Amino acid sequence: MRQFIAFVTKEAKHIIRDKRTMLMLFGMPVVMMLIFGFAITNDVRNVRTVIVMSNASYATRQAADRLAASEYFTIVKTVATPAEAEQTIRNQQADIAVVFAQDFTEPGHGVQFIVDGADPNMAQLWSNYARAVLMNAEGTAVNSQMLYNPQMKSAYNFVPAIMGMLLMLVCAMMTSISIVREKERGTMEVLLVSPTRPLLIIVAKVVPYLVLAFLILTAILLMSTYVLDVPLHGSLFWIFAISTVYILLALSLGLLVSNVAKTQLAALLLSAMVLLMPIIMLSGMVFPIESMPRILQYVSAIIPTRYYISAMRKLMIMDTGIGQVFRELMILVGMLVILLALSLTKFNKRLE
C-alpha cells in the first residue's frame, strides 16, 4: 500500500509541476464555460427588422410598435413594398421583414415574413418570436409557459454538455498521453518490473486524474450557479454518483487509447478523432439527435457523452429523480464494464 501511495504522489507531483498541463486542465474549463455561457448563444436578441406598410392603419402601427417595444426585435427601416424589404435583407442590412397586408385585421389577411434563411434554425426562431409578438398585438390572448427554462437561456443547454465534453477529454486524453509519455521515455518498463503489481501502477497513474476530474466538475457546477445563473435543482448526490461512473468510463477509454497509441502525438490525434469530434457533433451537445439522419442516430448511440448529457440535463435543470435517469445510468455502467474489460485485457496481453 505504501508503494501504491508513493506512485500516486509521484504522478500528482509530475502533473502539478507541468505548468502547461495545469493550464489546460483548469484554464480550459473556465474559458469554455465563459465562451459557451456568454458568447455562443441561440437566444433571440436585437433581430434587425424591416417593416412593410402600404397602409399605415392604427392596427398596423400598433403591431409595429409592439415589435419595436420587445427586446427581441430592432426596427431598422420602414418601407412601402416587399421588394424594398427583400433588397434590404439581400444587402445584409436586416434579418427579417414583416409585411402587413392592407386589411391586416380582416379574416384571411394578416402578415407575411421574409426571412434571411442562411441559418435555418435562427430563421425559424425569428419567425416564431415575431408571430408570438404579433398575435398579442392583434388582441389574441396567447398564454404560454416555458418549463424548466423560463428565460430561454442557452446556458441551460450548454452547461451539462460542457461537463460531458470536458470530463471525457480531461480523463481520457490526459490519461492516455500520460501513460504513452512513460512508454516513449522507456520508464514504463522500469515501473512494470518493480515489486508493485503492474495493475496497481496503472491505477496509481489514473488516480490523480480522477481527483482532478472531481475538482473540475465542482468548478463547473460553481461557475454555472454563480456566474451563469443556471440553477442547480437536482440532487448533488446523484449528480456526483453518475459523474463518477462517467469519469471511470473516460479513464478506461484513456487506458485503451494508451494501449493502442505508440507516441504522444498518436494518442492526441486518436483521442481527438475518437472523442472530440463525435462528442461535439453527435452527442446532442449542439445538434438535436432527433434531427440527424437515421444512420448518425445509430452512431450516436455508442457515444457515452450522449447519455451523460441527457442525465445531467434531467437532474440539474428538470429536477427529476433517479428513476428518470435510470436508463442512462445503466447504459453508462454497461459501457464502463465493457471498456474496462477491453482495456485490462489489452494491457495484460501487452505485458505477456
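Mentor: A term to start with: the bend at a residue is the angle between axes fitted to the seven residues ending there and the seven starting there. This is a predicted model, where local features need pLDDT of at least 70, side-chain atom pairs count only at pLDDT 80 or more, and totals for chains, interfaces and linings use all residues. Residues are numbered from 1 along each chain as its sequence is written, and side-chain values use heavy atoms, with hydrogens and water left out.

Trainee: Where is the kink in α10 centred?
Mentor: On A272, with a bend of about 35°. Helices here are DSSP runs (H or I, at least four residues), numbered from the N terminus.

Trainee: How many residues does α10 have?
Mentor: Helix α10 has 19, residues 264-282, and spans 26 Å from first C-alpha to last, close to the expected 27 Å. That expectation is 1.5 Å times one less than the number of residues. Just after α10, G284 has a positive phi of about 90°.

Trainee: Which residues of α10 are buried?
Mentor: A267, S271, L275, P278, I279 and L282. Buried means under 20% relative accessible area (1.4 Å probe, protein chains only). Their cover includes α6, α9, α11 and α12.

Trainee: Switching topic, why does T88 count as buried?
Mentor: Because its relative accessibility is 4%. T88 sits in helix α4, residues 82-90.

Trainee: Leaving aside neighbours within four places in sequence, what is T88 in contact with?
Mentor: V50, K77, Q93 and A94, where contact means heavy atoms within 4.5 Å.

Note on methods
Helix = DSSP H or I, 4+ residues; strand = E, 2+ residues; numbered from the N terminus. Buried < 20%, exposed > 50% of the residue type's maximum accessible area, 1.4 Å probe, protein only.
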